[in-house]
Amino acid sequence: MSVVHRLSAGWLLDHLSFINKAGYQLCHSSQHPDEAPITSTSSVNPVVPSCFASISSPVDVPVPELGAAVERAAEIPHTQYVFRDGFFQVFKPHIVAFPQKKPQQRNLEAGHTELKDSTNGAEQEGGARSSDADSVANLRKTRKRKHSGLNQGELDALEYHTKIRGLIWEGSTSIVQEGFKSGFLQSISAQQSCSKNVVMEHIGCGLAELCEMAKQFPSVNENAHQIVQMIAEVTIPEQDLLSCVTENMTSYAKILNLMGQKYLVPPKSSFLLSDISCMQPLLDYKKKYDAIVIDPPWANKSVKRSNRYSYLSPWQIKQIPISALAAPNCLVVTWVTNRQKHLRFVKDELYPHWSVKTLAEWHWVKITRSGEFIFPLDSSHKKPYEVLVLGRVQGNVDLSLRKSEVEVPPIPDHKLIVSVPCTLHSHKPPLAEVLTEFIKPDMECLELFARSLQPGWTSWGNEVLKFQHIDYFTTLQSEN
């Protein structure tokens, strides 16, 4: 389970556990007897095979008769891949706060020692609230001294932070305390305090560039439909990979070879590699989704300076065809940066445009392995939290369908998702297990602007395979 603890304040998540429980196990045969092949629902004519991309099992062997395959099932070797745990070994904050600005650490460390009595607890709570006000006041004075006044964006950010600071502080404290009690979080050793966070970027081929290049491919006949089997070294032409939804409906992971790079495709997953101008194949997939998670590439000064990834304008984000993808009463979750301009846009423009009613704001709180915020809570540079806006698609639902639907609880407001972040940029924590209780059991789920794949989900984006690159994984011992 990726949910380590569930409390009234929110959830403590184990991102690494979620990735590895997906089951990145390769079966060393061309097709396991009880499985369907990987298929691609395509809208293109058959194309002469190329060496551009392929999905295969590791070894190409003849498919045996069913009876023989069952007898030999126990003899088929497997290789297990796991995500490298070094990417989650975040032992110390990215920016260390001054001692007088670290009441949070004192509160959080109480979780792995004995809890204070109620009197001390009340004193601590009062001190924390006083510290909250003092910290915000000091921050306001410091920024005014440095900049001779704050601009409107900074004032808006400060006002929002002041409003939710107590929620972040108190909720994180209770969740982290549970993490210490269970042993999931621990005090760091002297050696760990001197270690550096593992960062390994720029792996794999340029997926976004590949999507851009796909626009130059010859047009295809949209009325022709071809099911492409991708197994045992059968090649996927580039037109197929970039113009259709690719599925792995087997119980085993598969390897996708793309431009000389290898990517792991988890079982029971599907994806479309394309940019926002080529979403039609996703609509042709003929699925309606009960939950849609969106992580838009928001524009900000850092992105513009670094040129790390392309960003979309608000107008472009509004063009995403949510109404064509969403099932009735679909739960929509959008990741938002800490810029108030973006948060207002989602709540006041984007969701109304999509006929989505805003129901709640949640926060993802990023901590170290020892329970500290990765940035000081009152940092004027970066905050240790990000915002999620949750809502539901509005519209008329057939009365008979409504009666037959399973009742789900209402979306609660002001919940926290606390986790140790991956050191890979923009590798967000999984929401699948958190959202399960708020959608139907037989849910269809979609992630837009995804950078990784999940079993049971459809994923779309121009970097949808980014964190599936095989170099982010390592193998366990092979076994029969």
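Colleague: Which residues does Ile168 touch, not counting residues up to four places away in sequence?

Modeller: In this predicted model, Ile168 touches His363, Val365, Phe373, Leu377, Tyr385 and Leu416. Contact means heavy atoms within 4.5 Å, so each of these residues is said to touch Ile168. Ile168 itself has its place in helix α5.

Colleague: How far apart are Ile168 and Tyr385 in sequence and in space?

Modeller: They are 217 residues apart in sequence, and their C-alpha atoms are 8.3 Å apart in space.

Colleague: Why is Ile168 called buried?

Modeller: Its relative accessible area is 0%. Buried means under 20%, so Ile168 is buried.

Colleague: Which residues have the most contacts inside the largest nonpolar core?

Modeller: They are Leu282, Ile292, Ile322, Trp354, Ile367 and Leu448, in a core of 54 residues. Helix α5, residues 152-182, gives the most to this core, with 7 residues. A second, separate core has 24 residues, including Val333 and Leu431. In soluble globular proteins, nonpolar side chains tend to be buried together.

Colleague: What does Trp354 touch, not counting residues up to four places away in sequence?

Modeller: Trp354 touches Ile294, Ile317, Lys318, Ile320 and Ile322.

Colleague: How many cavities of 30 Å³ or more are there?

Modeller: The count is 1. The largest cavity holds about 300 Å³ of space.

Colleague: What makes up the lining of the largest cavity, by class?

Modeller: The lining has 17 nonpolar, 6 polar and 4 charged residues. Of the 27 lining residues, His427, Lys428, Glu447, Ser452 and Gln454 lie nearest the centre of the cavity. Lys and Glu count as charged, so Lys428 and Glu447 belong to the charged class. Helix α1, residues 15-20, gives the most to this lining, with 3 residues.

How values were computed:
Residues numbered from 1 in each chain as written. Predicted model: local features only at pLDDT ≥ 70, side-chain atom pairs only at ≥ 80, totals over all residues. Heavy atoms only, no water. 1 Å grid on protein atoms, 1.4 Å probe; cavity = no way out; pocket = protein on both sides within 12 Å on 5 of 7 lines; lining within 4 Å. Points joined across faces, edges and corners; volume = space filled by probe spheres on them. Helix = DSSP H or I, 4+ residues; strand = E, 2+ residues; numbered from the N terminus. Core = buried A, V, L, I, M, F, W, Y, C linked by side-chain atoms within 4.5 Å. Buried < 20%, exposed > 50% of the residue type's maximum accessible area, 1.4 Å probe, protein only.
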